[in-house]
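Keep the viewer open as you read.

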Amino acid sequence: MIHALKRPDYDVIASWVKPGETVLDLGCGEGELLQLLAARGVRGWGVELDPGHVLAAVENGVNVVQGDLDAGLAGFEDNSFDHVVLSRTLQTMRHTQQILAEMLRVGREAVVSFPNFAYWKNRMAIMNGHMPVSEDLPYQWYDTPNLRFFTMLDFEGLCAGMGIAIRDRRVLDERGAPVAEEHNFLGSLAVYRIGRGD
Amino acid sequence: MFEHGSIGPVAARRLAFDTPIALAAGVSLPRWELAYETYGELNAARSNAVLVCHALSGHHHVAGWYADDPRNIGWWDNLIGPGRPLDTNRFFVVGVNNLGGCHGSTGPSSPNPATGQPWGADFPVVTVSDWVAAQARLADALGIDQWAAVIGGSLGGMQALQWTIDLPERVRHALVIAAAPKLTAENIAFNDVARQAILTDPDFHGGHFYRHGTRPTRGLRLARMLGHITYLSDDQMAEKFGRKRRADAGRFGYGVEFEIESYLRYQGDKFAGHFDANTYLLMTKALDYFDPAEPCGGDLAAALAGARAKYFVASFTTDWRFSPARSREIVHALVKNKHDVSYAEIVSPHGHDAFLMDDRHYHALVAGYLRNVKT
């Protein structure tokens with residue numbers, strides 16, 4: 001049912017969420033993360049645009065609200081969730097700054113995971129003259145849903161510019177194993193816990 | 001594989017209640033009856049019952065057909081039956097004709113015990129909460145302490161929502177489809193034009209047309225034609241009728257010329273032929289009054305704070321009578337309360353009437369949600 005290994009960022013996210021807390025999962029897909037969290041006593045709601053994913057999430061018995069994240073989170077109240085999660089979706093969004101601001105309006109804190117474009121294999125692919133295709137960037141340039149390609153350094157720069165505090169960070173390699181050093185070079189997938197800066 | 005089909009021949013039943021029901025209008029009905037139908041079997045724990053609430057012109061004949069009238073198929077037959085999304089192999093399904101209706105339940109055409117004559121215009125205006133209270137009395141009589149689910153579309157969805165507010169301990173799931181938390185001024189305006197068509201028909205006789213041996217069919221027909229326009233979408237009308245004209249139509253006159261005119265007149269005639277004008281007035285008024293947030297100063301989330309149910313809310317993209325934005329208001333009020341809710345915005349060309357259509361994705365959603373409803 002749930003292959004945590006296939007989505008190693010889920011385990012990181014789950015480790016940051018305590019039982020009894022509430023989560024809003026943006027771009028929740030078929031609700032895999034919410035199911036994983038529900039099994040740990042977390043109450044969750046998802047937002048998803050794709051009708052097939054909404055149907056699957058309903059069938060999986062998770063709370064899913066069909067809606068377009070690029071329209072923001074209108075209707076969701078300020079400070080109404082402990083965590084707002086955006087896993088592997090930020091790179092597909094048109095309004096990057098708006099969604100980050102909205103996540104931190106609705107949530108006490110937010111979790112964002114994304115493929116690190118500066119991962120060494122991606123750099124190698126560019127060096128060899130091709131757009132990278134990898135475990136965390138699994139698409140060809142012509143069929144990718146990803147609109148924005150950015151690195152950990154780029155993301156951290158945006159956070160600084162927006163006054164967003166980075167509270168925790170986990171970096172994983174292509175196999176989902178933790179990366180201990182040279183994160184922006186050895187990290188294929190980055191997971192950040194962020195909050196409103198003081 | 002499961003068998004998948006119609007529930008088959010069904011029978012309408014009627015239950016008389018001898019204890020009065022107090023209505024929001026401040027009057028009380030001393031003795032009253034409800035027409036209902038049931039499909040499937042109530043399990044030993046009495047935990048698998050699902051109530052189906054009807055919309056403006058609906059009734060208790062929700063699924064199957066009558067042995068003596070096989071063409072009279074229930075209005076939500078495509079959704080309900082063995083193996084269908086509301087699966088009668090799992091659930092005990094109850095359809096009911098609401099108080100004030102004209103299909104067997106006590107309503108304006110029933111005799112007023114004070115006079116022995118039909119109630120007519122003297123029949124009290126009933127509210128969605130009154131219907132919930134009456135349906136609860138039926139549940140009592142059937143031995144159902146708690147519904148596994150209450151489901152309805154449009155005005156029926158409003159009843160499902162009201163159930164979770166008025167009797168939160170008695171409903172585990174509510175399926176609120178193509179509904180709204182309250183009517184807009186535009187919605188009320190349409191309803192009032194429909195009512196004016198009936199009220200100004202000379203055959204209406206102030207609502208006492210029964211004693212004059214007449215029926216305000218002209219007014220009722222107009223009311224239905226107007227209503228019907230609001231149930232369809234512009235896209236669908238354009239596709240189905242466009243500017244097509246009847247081959248036999250004359251020009252430069254006021255007869256039936258465009259196909260849409262022919263269609264609407266047919267729908268109006270069909271409806272006016274059997275529906276009670278006083279019931280139509282009463283149902284539209286119940287719609288207008290529906291506003292569960294009103295007692296909480298307009299705060300819908302506050303009104304839903306005490307609810308215990310889990311919810312499935314659905315809207316249809318081309319529904320302009322109760323648009324998706326109205327359903328989202330319900331959803332956000334539920335999320336604010338941290339109630340369990342799933343919401344689907346279903347792509348459909350069929351406008352408000354889409355909730356009655358046999359759409360694969362829509363039905364898969366209802367089936368998928370109900371599969372997780374424990375019996």
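Start with R251(B), which is exposed because its relative accessible area is 53%; the cut-offs here are under 20% relative accessible area for buried, over 50% for exposed, and partly exposed in between, with a 1.4 Å probe and protein chains only. Elsewhere, salt bridges with shared partners tie R7(A), D9(A), R88(A) and D136(A) into one network.

A word on the ground rules before going on. This is a predicted model, so local features need pLDDT of at least 70 and side-chain atom pairs count only at pLDDT 80 or more, while totals for chains, interfaces and linings use all residues. Residues are numbered from 1 along each chain as its sequence is written, chains are lettered from A and ligands numbered from 1 in the order in which they are written, and side-chain values use heavy atoms, with hydrogens and water left out.

Back to the charges: side chains of opposite charge can pair when their charged atoms come close. Over all chains, the structure holds 31 salt bridges. One of them joins D77(B) and R84(B) at 2.9 Å, N to O. D77(B) counts as buried because its relative accessibility is 12%, and R84(B) counts as buried too, at 16%. Now look at R246(B) and D248(B), whose closest N and O atoms are 3.5 Å apart in their salt bridge. Here R246(B) is partly exposed, with a relative accessible area of 31%, whereas D248(B) is exposed at 61%.

Next, find helix α2 of chain B, residues 155–166. Helices (H or I, at least four residues) and strands (E, at least two) are DSSP runs, numbered from the N terminus.

Over in chain A, R193(A) sits in strand β7, residues 189–196. Its side chain makes a polar contact of 2.9 Å with that of E109(A). A polar contact is a pair of N or O atoms within 3.5 Å; within protein, one must be able to donate a hydrogen and the other to accept it, and residues adjacent in sequence count only if both atoms are side-chain atoms. Neighbours within four places in sequence aside, R193(A) is in contact (heavy atoms within 4.5 Å) with residues including W16(A), A165(A) and D168(A).

Finally, where do the two chains meet? The contact takes 19 residues from chain B and 21 residues from chain A. Between them the chains bury about 1700 Å², 57% of it on carbon and sulfur atoms; buried area is the accessible area (1.4 Å probe) that two parts lose on being put together, summed over both. The count between the chains is 2 salt bridges, including D340(B) with R43(A) at 3.1 Å, N to O. On the side of chain B that touches chain A, the elements giving two or more residues are α9 (324–336), β14 (341–346) and α10 (360–371). The largest share, 6 residues, comes from α10(B).

Key
A salt bridge is a side-chain nitrogen of Lys or Arg within 4 Å of a carboxyl oxygen of Asp or Glu. The expected span of a helix is 1.5 Å times one less than its number of residues.
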